[in-house]
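Hi,

Here is the model I promised to pass on.

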Amino acid sequence: MAELLLSDLCERLKKEGVGARLEGEDRAVRAVNSLEEAAEGEITFLANEKYLSALRDTRASAVIVGEGVKAPERLSTIRCSDPYAGIAVAIVHIHGHRRHPQWGISEKATIHPTAKLGQGANIGEYVSIAADVTIGDDCTIYPGCYVAEGARLGNECTLFPNVVVYDRCELGNRVTVHAGSVIGEDGLGYAPVGDQWLKIPQVGKVVVGDDVEIGANCTIDRATLGRTEIGAGTKFGNVVVIGHGAKVGPDCLFVGLVGVAGSATVERHVTLAGQVGIAGHLTVGKDARVGAQAGVTGDVKAGSELWGTPAVPVADAKRAAIALQKLPEAMKRLKVLEQEVEELKAALGRT
Amino acid sequence: MAELLLSDLCERLKKEGVGARLEGEDRAVRAVNSLEEAAEGEITFLANEKYLSALRDTRASAVIVGEGVKAPERLSTIRCSDPYAGIAVAIVHIHGHRRHPQWGISEKATIHPTAKLGQGANIGEYVSIAADVTIGDDCTIYPGCYVAEGARLGNECTLFPNVVVYDRCELGNRVTVHAGSVIGEDGLGYAPVGDQWLKIPQVGKVVVGDDVEIGANCTIDRATLGRTEIGAGTKFGNVVVIGHGAKVGPDCLFVGLVGVAGSATVERHVTLAGQVGIAGHLTVGKDARVGAQAGVTGDVKAGSELWGTPAVPVADAKRAAIALQKLPEAMKRLKVLEQEVEELKAALGRT
Amino acid sequence: MAELLLSDLCERLKKEGVGARLEGEDRAVRAVNSLEEAAEGEITFLANEKYLSALRDTRASAVIVGEGVKAPERLSTIRCSDPYAGIAVAIVHIHGHRRHPQWGISEKATIHPTAKLGQGANIGEYVSIAADVTIGDDCTIYPGCYVAEGARLGNECTLFPNVVVYDRCELGNRVTVHAGSVIGEDGLGYAPVGDQWLKIPQVGKVVVGDDVEIGANCTIDRATLGRTEIGAGTKFGNVVVIGHGAKVGPDCLFVGLVGVAGSATVERHVTLAGQVGIAGHLTVGKDARVGAQAGVTGDVKAGSELWGTPAVPVADAKRAAIALQKLPEAMKRLKVLEQEVEELKAALGRT
């Protein structure tokens, strides 16, 4: 940990292209903390206006806020065009990224003689590296991981404990995989023969781009043939499940419990909220955003915002959800109207 | 296993505050079993009236039932105000809790010299205990677990195989974590910078209270800052996914595949059924119950029962679901009415 | 890999009972590949007419297609009554099934002296086989697996890395379990005592039939009493979650993120699409098919096709979903009608 002067933080933010200016006293902060838990000498942030009352009560000495937010006068305030980016830069400087244990190559790991390890390999106990694996420079592999035959990792990758990479799968540079995730298991590929399921050997692989981060207990199927792809810069939460042959573009963000079925294409910079499902053999266009629990059953245009099952434009989904709550009462009104119209018809001799 | 006299079971139940009385012959039972599989000399139970016909056919010698249930006369019957509690007490007495293998501290485990282990440590092969870890008395850690730097476990904890506890996370006393679960992985914390995602280091932790039981392959994110909390006595099924900074209260029950997004607050004694999703930054009040697959998108009042996406009071959700099935036909009726009203208007010269 | 003559492939298919005839030149192919990635000398297939344009552009030398599909003349074409079965047979012949590393019984595995291993045991490093385990012939157990006390595996089983089998669970012959899956963890069995949850020891087990394949990171609860069952020939995708005491029949196919609650019965040859949930204590009849994200809340008749939450016949669900999108506008039409009827009533002196 390192102290950080608020004026220095502003300078760093500007260098990253994030607007920032200091309001109030310049001072050194020694930790970043949440509104509720921050103490004297620490910096906190407000990114969601729901927490304005917590901002009033915080014991922090400084705060990062967006435009238009009024902070208590006792706090030194960094006003920032993007408070999340502000806090990210502050955390990296003060707390740094996680420092991994340094095992070198543990004597309790099992490295096949044909495997090639780059410089700076940091490999924990009970790791298995199988035949013909290639691992780049400065990779950290935590205990209990298994990297199967012919798999390839680029430079500066991190596999947290108990990650499994199946045979011949490929990870780019600076890929991080959290604990328990599995990359390259067989897809659900069977041919129906009568009432039984004939296994189609899954001879493809998974290719993960640079700077991808994958949460804990995710599963990414290898392709039946060819590749399942995860584009560079994409980030997955926990328990994201990707079907065989899916192509996920770069810079996507998938929240926990998302499922993408086989052979689906998800283009660049798509956001899928928690528990979303994407059906197979369709395309979700770039920059699309899909709300929590939605089920996408058809192609999605670039830039769309969808919600619901089947997923429709979010404004339509919300309108329909509100109308649905009024439907039982509308059914009664419909019945009353039918009676009244019958009576009117009778009165006019038109039955 | 131990035999148990039915009259003794009644006494034990009364001591636990559960009403119970024996109807029919007192006898010793040697095992607890399901209605279908129980044999002569065994005790079974009926807690769901759907299974009344199985009760008629069971080969068990005794049965635990609730008030108002008529059991066959040949069965000795313990009538119990809470049949589930009755069967729990019977199982604990006759079968006991699972007995773990006794490894002592396996020579094939890797314990960092700075780690502190309490008395009675029972640690299997291929376990890694990292630097500055503290583990209380009488803990059992199965093979393949990883407990990272600075993590703390209380007394009488059990980690089943391949559990991972990330750095600095804290488990209370008598915490049980089933196989493959991950506690304290990084949350999905990124600041959007242009179309890319800038990682916000996740420097918080997870704090799990006493007597928590966590199912298999769950994931609980560490907080960005501060703590993700799981309250004492809370029980999770399998593949429960908790986002960073969420606060889950005590005595909650979450069924499989539940997702709770970041910074959500779930108060005491909340029940979430299977595949429920809770959006971020909201509060689910104490004693609330949320039905399977529901998606909670706003604050929930204490004691509510909700269902649907977006979640609404369960009675409303059911009414809406029934009305929805009648909607296509109602649309036709609406169209007919419109034509009839047009005709009436024409007949009255009011177009 | 082996080359395969197209006329030989036709013969093999006919032997398996799949109709097939060769159109165009007979030639040898050396690999199976996807439409996009296939090269000269390789065979590809078309099973979904969405990809007809990719068929026109493929560089493959041969293709397997169904009846009625027109393939480019330059391609040798195998016309097949079931293109998926055709490609399965081709892949098995040319590429074969995955070949596992051969460890014999690794010296770095831990085998309890009371465990019985069959002939041809292939057991990787860091595997733990506990007391009284029985393992059949020709089983492969990858590194990091744990097989608990008294568990039984049949012949030719494969456990991929970090699979956990709890005590006394039983797997049949030719069972495959992908990485990180857990079989036999405790079910979510608690008796409510006041606001707290009293654990009901889970003393049952899991019994998995022959020829079952289970995806990665699945969890299958042991029964409270008796058995959780997975029928022979059933196939699971990833992160399938099965509750305690559920009975899943033979030849079922469950896609990723499916949840089946405790004590549910799913009969033979049922298909559950992604993220489907099945409530507890109900029966899904044989040959039923349930669409993605559906929530089944009641018994399902054999052969039904359902969708939606609560699940209804798929045609009804689709009609309702379409009508729901028109509902907000219908509400306006209803209001207009009410005003018009009021005016008509007034005009007729009938208010």
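Before the interfaces, one term: two residues are in contact if their C-beta atoms, placed from the backbone, lie within 7 Å. Keep in mind that this is a predicted model, in which local features need pLDDT of at least 70, side-chain atom pairs count only at pLDDT 80 or more, and totals for chains, interfaces and linings use all residues. On labels, residues are numbered from 1 along each chain as its sequence is written, while chains are lettered from A and ligands numbered from 1 in the order in which they are written.

**How the chains meet**

Between chains B and A, 58 residues of chain B are in contact with 63 residues of chain A. At least two residues each on chain B's side come from strand 21 (190-193), strand 22 (196-199) and helix 4 (314-347) of chain B. Helices and strands here are DSSP runs numbered from the N terminus (helices are H or I with at least four residues, strands E with at least two). Helix 4 of chain B gives the most to that side, with 15 residues. Sorted by class, the side of chain B that touches chain A holds 33 nonpolar, 15 polar and 10 charged residues. For those classes, Ala, Val, Leu, Ile, Met, Phe, Trp, Tyr, Cys and Pro count as nonpolar, Asp, Glu, Lys and Arg as charged, and the others, Gly among them, as polar.

For chains A and C, the contact takes 58 residues from chain A and 63 residues from chain C. On the side of chain A that touches chain C, strand 21 (190-193), strand 22 (196-199) and helix 4 (314-347) of chain A are the elements giving two or more residues. The largest share of that side, 15 residues, comes from helix 4 of chain A.

Now the symmetry. Two copies of a chain are related by a rotation about an axis and a shift along it.

**One chain on its own**

Chain A has four helices and 39 strands. An automatic or database assignment sets the domain bounds, dividing chain A into domain 1 (4-94), domain 2 (166-310) and domain 3 (323-351). The C-alpha centres of domain 1 and domain 3 of chain A lie 60 Å apart. Along the principal axes, the C-alpha atoms of chain A fill a box of roughly 100 × 75 × 30 Å.

**Strands in chain C**

Pairing means that DSSP finds at least two bridges between two strands. An open sheet of 10 strands in chain C runs in the order 8-11-14-17-20-25-28-31-34-37, with parallel pairing. Strand 8 (110-111) and strand 37 (295-296) of chain C stand at the edges with a single partner strand each, so one side of each is left without a neighbour in the sheet. Further in, two bridges join strand 11 (residues 128-129) to strand 14 (residues 146-147) of chain C, and Ser128(C) has Tyr146(C) as its bridge partner.

Strand 23 (residues 205-208) of chain C is covered on both faces, with Lys205(C) and Val207(C) buried on one side and Val206(C) and Val208(C) buried on the other. A residue is buried if 20 or more other C-beta atoms lie within 10 Å of its own, exposed if 12 or fewer, and partly exposed in between, with C-beta atoms placed from the backbone. Strand 23 of chain C pairs in the parallel sense with strand 18 (residues 170-171) over two bridges and with strand 26 (residues 227-230) over four.

Strands 21 and 22 of chain C, by contrast, run antiparallel and are joined by four bridges, with Ala191(C) opposite Leu198(C). Their hairpin has two residues between the strands, and Gly194(C) takes a positive phi near 60° there.

Ile200(A) sits in the loop between strand 22 and strand 23 (205-208) of chain A. Ile200(A) is buried, with 24 other C-beta atoms within 10 Å. Leaving aside neighbours within four places in sequence, its contacts include Tyr190(A), Ala191(A), Tyr84(C) and Ile87(C).

Cheers
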